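Please keep the sequence and the 3D view open while reading.

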Amino acid sequence: MTYASIDISMNSKQKKTLIRIIITALLMVGLHFVPAEGFLRFLLYMIPYLIVGYDIIIKAWKGIKNRQPLDECFLMVVATIGAIAIALLDTGDYVEAVAVMLFYQIGEWFQSYAIGKSRKSITELMDIRPDYANMEVDGELTRVDPDEVEVGSIIICQPGEKVPIDGVVVSGSSTLDTSALTGESLPREIHEGEEIISGTINMSGVLSIRTTKEFGESTVSTILDMVENASSRKSKAEDFISKFARVYTPVVVGLALALAILPPLVRLLALGVSPGWGTWIYRALTFLVISCPCALVISIPLTFFAGIGGASNAGVLIKGSNYIESLAKTNVLVCDKTGTLTKGVFQVVGVHHASISEDKILEYAAHAECASSHPISKSLQAAYMGGEVMPHGVCGAVMDAADGMEASISDAEGTMATREIDRSRVSDIEEISGEGISAVIDGHKVLVGNDKLMTHDVISFIECHDIGTVIHVAVDGEYVGHILISDVIKDTTPKAIEEIKRSGVSRIVMLTGDDDKVAYSVASTLGIAEFHSELLPGDKVTIVEKLLSENHRGALAFVGDGINDAPVLARADIGIAMGAMGSDAAIEAADVVLMDDDPVKISKAVRIAKKCMRIAYENIYFAIGVKIACLVLGALGLANMWLAIFADVGVMVIAVLNAIRALFVKNL
């Protein structure tokens, strides 16, 4: 069953319940002016009682049949039938009994409305599910079920339509509305050759897309499955309420029975006076109404549900309420640098100490890296194939030309001629973890990597004094120069770091595989006091484990791109995948997924979690506090049914309305 179908049924139920409430209220007002007495009065008041309460009676009966009687429906039925019996045998006042059921249903209606309100955010997210895909058959567009589209098929997406399946644009260009996934309204340009993900809306041009995944494995399906299953992961607060209700309800039923029986027996047997059964039974029934745990049982799960729904609407996908709880406790935040704090879009800014032509160094580096999808590898390939090499100064003197080979530095323009990478020239590619690439190109052994790779192969190299990532190149054991690559800090990162600190995170740690100079430059620019550089993937796990052992209070969150950082995401108390739109690895590995690459969303996720937990505990303290006070008053005979109605329905309505506040997260 989808969330959308549940939402429709809830709206229908709300309308019917509201009509019954209005009819019951009108009948009660009318009966106030009817001069009926005795059994006739009883029959007349049974009409509004059954109109408003028949479904509660049925639920209570089903609970008894299923041997699970001690729920709020059972308590309401016992209390109201008991009050009716007292009125029939003694007072003749049926108003309180009907009012208890009426106000209970009003509380149920508020609950239904609140759930529908919070579910609306989830339903809006469900709107990203495409209904069809367009395929060209015999020159005409035919709508097919997305499940029927095979990998590698060509589909057509027209303006205004949802992109149904992940793929690559083979022709056309357009702008995409990604707001359903990211929570941001700014459209994104898409062009031929770029990857496109399902769930976005094509706004302008016609796009031909070659699918790269089946519908069931595409981004939209992965996200929807994750959100739909979020409610299955309970927080400690929810588990506490469930366990509390299982113990609490039998205890209060037992106390109500004791209140109805023991004091009258003591009066009769010990004091020899009239037991006053009616008075004590009335107190016991009032005690039962007060004791109903609706406010807790309903409002706490609703708070988390609303929080998850509101967060998803803002582009923050939280996999369960247990992760909200962990996120709210975050006091240590560990950030991967590339792609999280920086744009992760590397650009070649210079070729230094070239003993052969700059073009040739780029050619060797690009071909050696041709099988890699790492951002640095892509930047090398782009520079060789025609991207711009931005002037960045010269790192030291140029080496003398060797063996007649021309020495060259990037010119003022820095523009390279357009070329293609010929993979047939490359063989024996070997990736050396944390160091670089070894490959054979045109029969020459080429090494492309960092200082460690050169040291490992005992090749003398020249250090670079400029800030950036340095890629050394050696051919047949001879050093030929190095390429300087630079990454750029995201525009919103400085603001994000400040907001993260203000959200209560006391320690921020940056991790990177870059050298110490690059790491220091980025960390000092952003005001991050602690960083670790030149790390291998395994080193990140080691550092996170060390930080976890030092952090005895609170929780440690790790933020990474979700693709290369899956082991660290899984090891942290809370793993946050950054800018993971379209990344199955990110959605799978992380506990929280930020659907765009804006680091400000990190602090927003923390604040959403803290607001959600604050509301949950407000409801717990408020509901339990009022219940205990009213139970004591009821046991002492200082509370009547009207106070009991407030203690039950009033507290539930207040708690539910408070829970709805978790939906509103846009201004956090």
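Which residues form one aromatic cluster? The cluster consists of Phe39, Phe42, Tyr45 and Tyr94.

The model is predicted, so local features need pLDDT of at least 70 and side-chain atom pairs count only at pLDDT 80 or more, while totals for chains, interfaces and linings use all residues. Residues are numbered from 1 along each chain as its sequence is written, and side-chain values use heavy atoms, with hydrogens and water left out.

**Overall make-up**

The protein chain has 21 helices and 22 strands. Both are DSSP runs numbered from the N terminus: helices are H or I with at least four residues, strands are E with at least two. Of its 668 residues, 52% count as buried; buried means under 20% relative accessible area, exposed over 50%, and partly exposed in between, with a 1.4 Å probe and protein chains only. The chain exposes about 29,900 Å², of which carbon and sulfur atoms supply 58%; these areas come from the Shrake-Rupley method with a 1.4 Å probe, and for residues only the protein chains shown count as cover. Among contacts (heavy atoms within 4.5 Å) between residues at least 6 apart in sequence, 70% join residues at least 24 apart.

**Aromatic pairs**

A search of the whole structure finds six aromatic pairs. Rings of Phe, Tyr and Trp (its six-membered ring) pair if their centres lie within 6.5 Å; planes under 30 degrees apart count as stacked, over 60 as edge-to-face and the rest as tilted. Two of the pairs are listed here.

| Pair | Type | Centre to centre | Angle between planes |
|---|---|---|---|
| Tyr45 and Tyr94 | stacked | 5.9 Å | 25 degrees |
| Phe103 and Trp642 | edge-to-face | 6.5 Å | 80 degrees |

Tyr45 belongs to helix α2 (residues 38-65) and Tyr94 to the loop between α3 (72-91) and α4 (95-126), so this pair ties together parts that are 49 residues apart in sequence. Tyr45 is buried at 3% relative accessible area, and Tyr94 is buried at 2%.

Phe103 is in helix α4 and Trp642 in helix α21 (residues 641-660), so their pair ties together parts that are 539 residues apart in sequence. Phe103 counts as partly exposed at 31% relative accessibility, and Trp642 counts as partly exposed at 40%.

**Strands and a charge over a ring**

Strands count as paired if DSSP finds at least two bridges between them. β1 (residues 133-137) and β2 (residues 140-144) pair in the antiparallel sense over five bridges, and Asn134 has Arg143 in β2 as its bridge partner. Two residues separate the strands of this hairpin, where Asp138 takes a positive phi near 55 degrees. The charged end of Arg143 also sits over the ring of Tyr132, 3.9 Å from its centre; the criterion is NZ of Lys or CZ of Arg within 6 Å of the ring centre and within 35 degrees of the ring normal.

An open sheet of three strands runs in the order β6-β5-β8 with antiparallel pairing. β6 (188-190) and β8 (201-202) stand at its edges with a single partner strand each, so one side of each is left without a neighbour in the sheet. Strand β5 (residues 174-177) pairs with β6 over three bridges, and Leu176 has Arg188 in β6 as its bridge partner.

**Helix α20**

Helix α20 (residues 600-635) has 36 residues, which at 1.5 Å a residue should span 52 Å; its end C-alpha atoms are 53 Å apart, which agrees. The expected span is 1.5 Å times one less than the number of residues. Just after α20, Gly637 takes a positive phi of about 80 degrees.
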